[in-house]
Amino acid sequence: MTDTVFTKPISKQFEFDAEVAAVFDDMLIRSVPFYKESQALTRRFALNALHSGGSVYDLGCSTASLLLEIERALDKREDIKLIGIDNSSAMIEHARKKIEAYGSRIELVEGDILTFPYTKAEVFVSNYTLQFIRPIVRDTLVRTISEALEEGGVFIFSEKVVCEDPKLSKELIDCYYDFKKEQGYSEYEIVQKREALENVLVPYTMNENIQMAKNSGFKTCDVLFRWANFATFIALK
């Protein structure tokens, strides 16, 4: 379905409700520059880190698209455990329909990624999820991820980022809005979504994201991909 969520006046802050879940796949492709390319990189490095009997957690898995791609690349190996967690019942419902249609063995959990009882895993993925976690507890979550990872494991996460220089930050945002217009979004839709996300999405700078990972127990963190104010990071345990 085509994303038309913000063609009408907003009445609440942004949330991952049934209306958003129904068009989320289209929203991602049209709202996140080079989304498919960054996901391909995420899949590649996740597969590189996996071993026999390993596990992958996708935090904020939405409609489980990435996990399905990883499973497809693994040829549905039964020794690999794929777990998707999301606190949106609407997202989980759409994800369940997908995995049933594909005969998938992905495990889906409707739950809170802040309190979930993780077991040891080799890969954690978080696509545009940390930015919705309040900064006061964001570092705690990343430390929890670090502690749950096996030695040599990876945490791959994508985020919107801001620049330390306000002028450059504004230019990057303008660049992004031009991208959205090229995808068919109107000026009205762009403004509506920006207002709905105010104080809901709180981005960090590139350095803040990298330092957060290092402070949380990762030996290194680097950038896999960046386009304007969108970036994909990899942190190594």
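How many of the 14 residues of strand β5 (residues 149–162) are buried?

Reply: Happy to. This is a predicted model, in which local features need pLDDT of at least 70 and side-chain atom pairs count only at pLDDT 80 or more, while totals for chains, interfaces and linings use all residues. Residues are numbered from 1 along each chain as its sequence is written, and side-chain values use heavy atoms, with hydrogens and water left out.

Now to your strand. Ten of the 14 residues in β5 are buried, so the strand is mostly covered; buried means under 20% relative accessible area, exposed over 50%, and partly exposed in between, with a 1.4 Å probe and protein chains only. Helices and strands here are DSSP runs numbered from the N terminus (helices are H or I, at least four residues; strands are E, at least two).

β5 has several pairing partners, where two strands pair if DSSP finds at least two bridges between them. With strand β4 (residues 121–127) the pairing is parallel and spans six bridges. Within that pairing, Ser-158 of β5 is the bridge partner of Asn-127. To get from β4 to β5, the chain passes through helix α5 (residues 135–148), giving a right-handed β-α-β crossover. Right-handed here means that, with the strands pointing away from the viewer, the path from the first strand over the helix to the second runs clockwise.

Strand β8 (residues 230–236) pairs with β5 in the antiparallel sense, over seven bridges. Look for Ile-156, whose bridge partner in β8 is Ile-234. Strand β6 (residues 204–205) is a further partner, parallel to β5 and joined by two bridges. There, Tyr-204 of β6 stands opposite Val-161.

α5 packs against helix α8 (residues 206–215) at an angle of about 50 degrees, and their axes lie 9 Å apart. The axes are lines fitted to C-alpha atoms, for helices over the stretch in contact, and angles run from 0 to 180 degrees between N-to-C directions. α5 and α8 are therefore oblique to each other, given that angles under 35 degrees count as roughly parallel, over 145 as roughly antiparallel, 65 to 115 as roughly perpendicular and the rest as oblique. Their crossing is right-handed; a crossing gets that label if the near helix is turned clockwise from the far one by less than a right angle, and is left-handed if anticlockwise. Arg-138, Asp-139, Val-142 and Arg-143 of α5 make the contact with Met-212, Ala-213 and Asn-215 of α8, where contact means heavy atoms within 4.5 Å.

In α3, Leu-66, Leu-67, Leu-68, Ile-70 and Glu-71 are buried. The axes of α2 and α3 cross at roughly 50 degrees and come within 10 Å, so these helices too are oblique to each other. This crossing is right-handed. On the α2 side, Gln-39, Thr-42, Arg-43, Ala-46 and Leu-47 meet Leu-66, Glu-69, Ile-70 and Ala-73 of α3.

Some backbone angles around α3 deserve a look. Most residues other than glycine have a negative phi. Yet just after α3, Asp-75 has a positive phi of about 55 degrees. In the loop between β1 and α3 you will find Ser-62, whose phi is near 50 degrees. Ala-64 lies in that loop as well, with phi near 70 degrees. Ser-62 is buried, at a relative accessible area of 12%, and Ala-64 is buried at 0%. Ser-62 also lies 8.8 Å from Ala-90, C-alpha to C-alpha, although the two are 28 residues apart in sequence. Ala-90 belongs to helix α4 and, at 11% relative accessibility, counts as buried.

β2 and strand β3 (residues 107–110) run parallel and are joined by four bridges, with Glu-107 of β3 opposite Ile-83.

Among contacts between residues at least 6 apart in sequence, 76% join residues at least 24 apart.
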